[in-house]
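Biologist: Could we go through this model together? I would like to begin with charges and rings.

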Amino acid sequence: RVAVCDFVSPTPHGTEWGLGGTCVNVGCIPKKLMHRAAQLKEALLDAEAYGWEVPPKIAHNWKKMVNNVQDHVASLNFGYRTELRSANVTYLNVLATFDDEHTVVLTDKKGATTKATAASFVIAVGGRPKYPDIPGDRECCITSDDLFSLSKAPGKTLVVGASYVALECAGFLTELDYDTTVMMRSIPLRGFDTECAAKIVEHMVEHGTKFIKGCVPTKFERLPSGKVRATWSKGQKEEEEHDDFDTVLLAIGRYALTQNLNLDEVGVEVDTRSLKIVCPPDASSTVGDTEQSTCAHIFAVGDVLEGRPELTPVAVKAGMRLAQRLFSTGAGQTMDYDSIATTVFTPVEYGCVGLSEEEATKELGEDGLDVYHTLYTPLEWAPPTEQAAEQRAGRNAGATCFAKVLVARHEGSRVVGIHLVGEHAGEIVQGFALAVKHKISKQELDDLVGIHPTSAEVLTTLSVTKRSGVELKMSGC
């Protein structure tokens with residue numbers, strides 16, 4: 001017998017959602033759909049170069065988009081409820097906290113409590129957006145938990161943070177014609193390849209997103225007009241600056257939702273900094289050796305588990321593998337967390353798998369790493385780019401994409417990383433991820449015949465290395 005306890009605490013602005021977790025309700029799904037809305041605006045502008053008569057003024061209806069996105073999300077919520085029922089899984093809309101190692105206290109929305117017992121537990125509570133804990137943050141600002149169901153158009157927006165959530169949201173807001181500024185304390189996309197991150201920011205700046213760099217907010221105030229006054233500084237000795245915005249979106253990171261689970265009571269260790277559940281090095285070799293907590297029958301999957309990629313497909317597959325090991329005959333497979341591909345859905349997408357150039361340099365040494373790289377322009381961009389100088393077009397003249405492949409020189413030229421900044425990056429890198437996972441060599445990648453004319457084929461023709469010192473030149477079909 002299996003039961004699922006699902007409970008969402010409202011945001012400071014009262015936003016709640018249904019079954020399915022962050023990805024479905026306030027993450028990947030609504031984000032990708034709004035990213036698509038932004039892409040369609042670009043396509044409309046590009047269409048002129050292909051002979052389409054486009055009206056001089058293109059208008060976007062925020063409320064209509066939000067309603068349609070939320071209708072789709074609601075359909076997914078309903079589908080999950082139906083699937084649970086079909087699988088004879090009991091669904092409980094309650095907050096579960098541990099009472100002892102085999103007992104949880106269940107609290108519903110009205111505060112009524114009951115208890116339930118189980119032989120094993122899987123914690124998959126994920127995380128929620130952080131607040132900077134400065135005056136006015138919760139009263140005046142929203143997070144990604146609120147944005148995708150925002151009933152009123154955001155207007156002039158300040159996005160605080162430089163995470164993938166921050167840049168993705170800032171990107172589609174800019175493309176939807178909202179005056180958007182990103183305030184970043186240090187570097188963009190920490191943990192990703194820095195060269196690719198820089199190219200994303202460069203592309204966003206070229207397309208209208210503003211950046212305030214090296215600054216942190218110090219307070220937020222709600223003005224009589226309804227606008228939010230954001231005040232910031234570059235350092236303790238620097239003079240403060242401020243500006244007024246219709247919306248302030250905080251995207252400064254996330255924290256694991258473990259504080260209210262009473263994990264101390266059952267001996268589950270939590271990392272003091274990230275609040276994530278720690279997987280002990282001496283975990284069982286047959287059950288839960290990658291998801292087991294410091295309590296033998298309590299497991300964790302997804303963003304709540306320390307040291308694992310914060311990606312929905314990772315949590316899904318890890319959960320499936322764990323269930324197989326717990327309830328199927330035989331030991332079953334463990335989750336392989338190595339070489340997992342991901343994509344950042346900024347206006348120009350960034351897909352990657354394997355090591356970043358910084359990680360590869362640290363692991364292999366500068367002498368042990370070759371970086372093959374190229375600039376390219378997708379064929380589809382050619383007509384719009386050529387007319388951009390004289391007429392309005394979706395992309396600036398000279399807009400480029402970028403690809404690089406990282407190779408371990410002294411390990412049979414094994415490919416240890418692939419990075420692509422360009423259209424459809426997620427679709428492209430998903431296929432090449434299998435090759436990286438199976439440790440292909442650069443020669444094997446070169447032996448692959450590309451599909452012409454596609455952006456993906458640039459990964460099969462890379463010949464210039466950074467080591468060579470040869471200046472990159474634009475390539476295209």
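Modeller: The charged end of Arg 308 sits over the ring of Tyr 337, 4.2 Å from its centre. A charge sits over a ring if NZ of Lys or CZ of Arg is within 6 Å of the ring centre and within 35 degrees of the ring normal. This is a predicted model: local features need pLDDT of at least 70, side-chain atom pairs count only at pLDDT 80 or more, and totals for chains, interfaces and linings use all residues. Residues are numbered from 1 along each chain as its sequence is written, and side-chain values use heavy atoms, leaving out hydrogens and water.

Biologist: Which ring does the charged end of Lys 199 sit over?

Modeller: That of Phe 402, with the charged end 4.7 Å from the ring centre.

Biologist: How many aromatic pairs does a search of the whole structure find?

Modeller: The search finds four. Rings of Phe, Tyr and Trp (its six-membered ring) pair if their centres lie within 6.5 Å; planes under 30 degrees apart count as stacked, over 60 as edge-to-face and the rest as tilted. One of the pairs, Trp 62 with Tyr 178, is edge-to-face, at 5.9 Å centre to centre and 85° between the planes.

Biologist: What does that pair tie together?

Modeller: Trp 62 lies in helix α3 and Tyr 178 in the loop between α6 and β10 (180-184), so the pair ties together parts 116 residues apart in sequence. Helices (H or I, at least four residues) and strands (E, at least two) are DSSP runs, numbered from the N terminus.

Biologist: Are Trp 62 and Tyr 178 buried or exposed?

Modeller: Both are buried, meaning under 20% relative accessible area, whereas exposed is over 50% and partly exposed lies in between (1.4 Å probe, protein chains only).

Biologist: What follows α3?

Modeller: Asn 88 follows α3, and its phi is positive, near 60°.
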